[in-house]
Amino acid sequence: MDNRTSSFSVHPPIELSSFCVSEEYGFILTDPLTDLPEYYRAWMDLATKLTDLVKTRQFRHRVAELPLLSTCYLRGHRELRLAHLALGVITMGYVWQEGPHQPAKVLPKVLAVPYCAVSEMLGLPPILVYADCVLANWKLRNPDGPMEIENMDTLFTVFGEDSSKGFFLISLLVEKAASSGMQGITMVMNSMLTHDITGIQEALAVVEDSIRKMREAFKLMHKYVDPMAFHNNVRIFLMGWKDNAALPDGLWYEGVREEPVCLYGGSAAQSSSIQCFDQLLGVKYSDHTSWAYMRRMQAYMPPPHRRLVDTLSSWPPLRTYILSSSSPELRRAYNSCVSALVDLRCYHLNTVVRYVTIPGHKTSGVSCPFRGLHAIQRSQGTGGTNALPFLKGIRDDTKQAMITDQ
């Protein structure tokens, strides 16, 4: 026990608030603003009207008419997050107005300069990320009502409005379900400091319950998101400009960078919740490419959330701790968490088949407004990966974390 005690002695207790994580909402931005100061009205109006302006092929023209606005009137974290969200939506509309066969290769100065400035202040890349379109893109219809999909709305959608709204809100509810799991993780780690076996076991039960609730929330996707609308419309407006055949050289941010910039699109891999569960349970990515990709996704998270993932990775491994324990109950509690995470990833895989793979074979249908998708793009995730092989590999790696009887 002495060796284990010394290995924990350098680690102070973990407090979620130190990483801007809410006990009630997890990584979700609490009480997001719904409007910016009047000076930024042009941004808000354009982001709100994306769908109609893209349909009529006027979006790029309207961006060209934008004034070059200063970011000096933005005050506080919530205003910056809303500005980053709005500018991200506008950027996606501008780049993908004509679909993946004719993307814009240059982001105009009136958009690129303020977007990069806001991004630098937040420590986020200048592209629409998961922390924007999911974590900061919501409001309650009735402020006194529950956080349920019938009482929720998005601030902005991308092309494919209803399915876009459903996709963002259900992803948000999955994150809400993960919030108790973040509390469970801190309970596990802090109980390890004092070698409280009962505390670890109880905390793991909280983690398992949270992951299973995430899967239940995920099921709403089939009710609120149409597979063809997602594949042919929504997905295109979430794609980035790295590992994308449509923009092989990236995107040039006029007035900011001298060379094009390559950035990944929004992806569930940018979810701090998922990466925290992986760190807790000691999921090891067997494929170096997958490991490197998941590591790169941390740069697309808000810096405090990124620090929590790094903090968990710096602790002595829970799995090793449990292997050294003589408690069969503790081992069962850990394995139940791993099993729940495997189930979640299996469900994610099945959802990708329904929303990416199958519709990808039907892109010649009349419902697709954007022609000319490259064959690779039809099965590609918004984060730039070949979705199915990547997710299968991560699922199998998760299974390997299970502790089996010797």
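Modeller: Angles run from 0 to 180 degrees between N-to-C directions, and the axes are lines fitted to C-alpha atoms, for helices over the stretch in contact. Helices (H or I, at least four residues) and strands (E, at least two) are DSSP runs numbered from the N terminus. This is a predicted model, where local features need pLDDT of at least 70, side-chain atom pairs count only at pLDDT 80 or more, and totals for chains, interfaces and linings use all residues. Residues are numbered from 1 along each chain as its sequence is written, and side-chain values use heavy atoms, with hydrogens and water left out.

Colleague: Then how are H2 and H5 oriented to each other?

Modeller: Helix H2 covers residues 41-48 and helix H5 residues 76-96; their axes lie 9 Å apart, at an angle of about 50 degrees. That angle therefore makes the pair H2 and H5 oblique.

Colleague: Which residues of H2 and H5 make the contact?

Modeller: Contact here means heavy atoms within 4.5 Å. On the H5 side are Leu 82, Ala 83, Ala 86, Leu 87, Val 89 and Ile 90, and on the H2 side Trp 43, Met 44, Leu 46 and Ala 47.

Colleague: How do the residues of the contact of H2 with H5 divide by class?

Modeller: Ala, Val, Leu, Ile, Met, Phe, Trp, Tyr, Cys and Pro count as nonpolar, Asp, Glu, Lys and Arg as charged, and the others, Gly among them, as polar. On that scheme, the contact of H2 with H5 has no charged residues, no polar ones, and 10 nonpolar.

Colleague: What is the handedness of the crossing of H9 and H12?

Modeller: A crossing is left-handed if the near helix is turned anticlockwise from the far one by less than a right angle, and right-handed if clockwise. H9 and helix H12 (residues 272-281) pack with axes 12 Å apart at about 145 degrees. H9 brings Val 207, Ser 210, Ile 211 and Met 214 to the contact, and H12 brings Ile 274, Phe 277 and Leu 280. The crossing of H9 and H12 is left-handed.

Colleague: Is Pro 359 buried or exposed?

Modeller: Buried means under 20% relative accessible area, exposed over 50%, and partly exposed in between (1.4 Å probe, protein chains only). Pro 359 belongs to helix H16, residues 328-360. Beyond residues up to four places away in sequence, Pro 359 touches Pro 227, Met 228, His 231, Val 353 and Arg 354. Because its relative accessibility is 1%, Pro 359 counts as buried.

Colleague: How are H11 and H16 oriented to each other?

Modeller: Helix H11 (residues 227-234) packs against H16 with axes 8 Å apart and an angle of about 75 degrees. The contact joins Pro 227, Met 228, Phe 230 and His 231 of H11 to Arg 354, Tyr 355, Val 356, Pro 359 and Gly 360 of H16. By class, that contact of H11 with H16 has six nonpolar, two polar and one charged residues. The angle makes H11 and H16 therefore roughly perpendicular.

Colleague: How many disulfides does the structure hold?

Modeller: A disulfide is a pair of cysteine sulfur atoms within 2.5 Å. For Cys 337, the closest cysteine sulfur is 14 Å away, in Cys 276, too far for a bond. The number of disulfides in the structure is zero.

Colleague: And where does Cys 20 stand, buried or exposed?

Modeller: Cys 20 sits in the loop between helix H1 (2-8) and H2. Phi of Cys 20 is near 55 degrees, a positive value in a residue other than glycine. Most residues other than glycine have a negative phi. With 53% relative accessibility, Cys 20 counts as exposed.

Colleague: What is the relative accessible area of His 195?

Modeller: His 195 lies in the loop between helix H8 (161-194) and helix H9 (197-218). Its phi is positive too, near 55 degrees. His 195 is buried, with a relative accessible area of 18%.

Colleague: Last one: how far apart in space are Pro 260 and Leu 247, C-alpha to C-alpha?

Modeller: Pro 260 is in the loop between strand S4 (252-253) and H12, and at 38% relative accessible area it is partly exposed. Setting aside neighbours within four places in sequence, Pro 260 contacts Asp 249, Gly 250, Leu 251 and Trp 252. Pro 260 and Leu 247 are 13 residues apart in sequence, and their C-alpha separation is 9.9 Å.

Methods: Angles under 35 degrees count as roughly parallel, over 145 as roughly antiparallel, 65 to 115 as roughly perpendicular and the rest as oblique.
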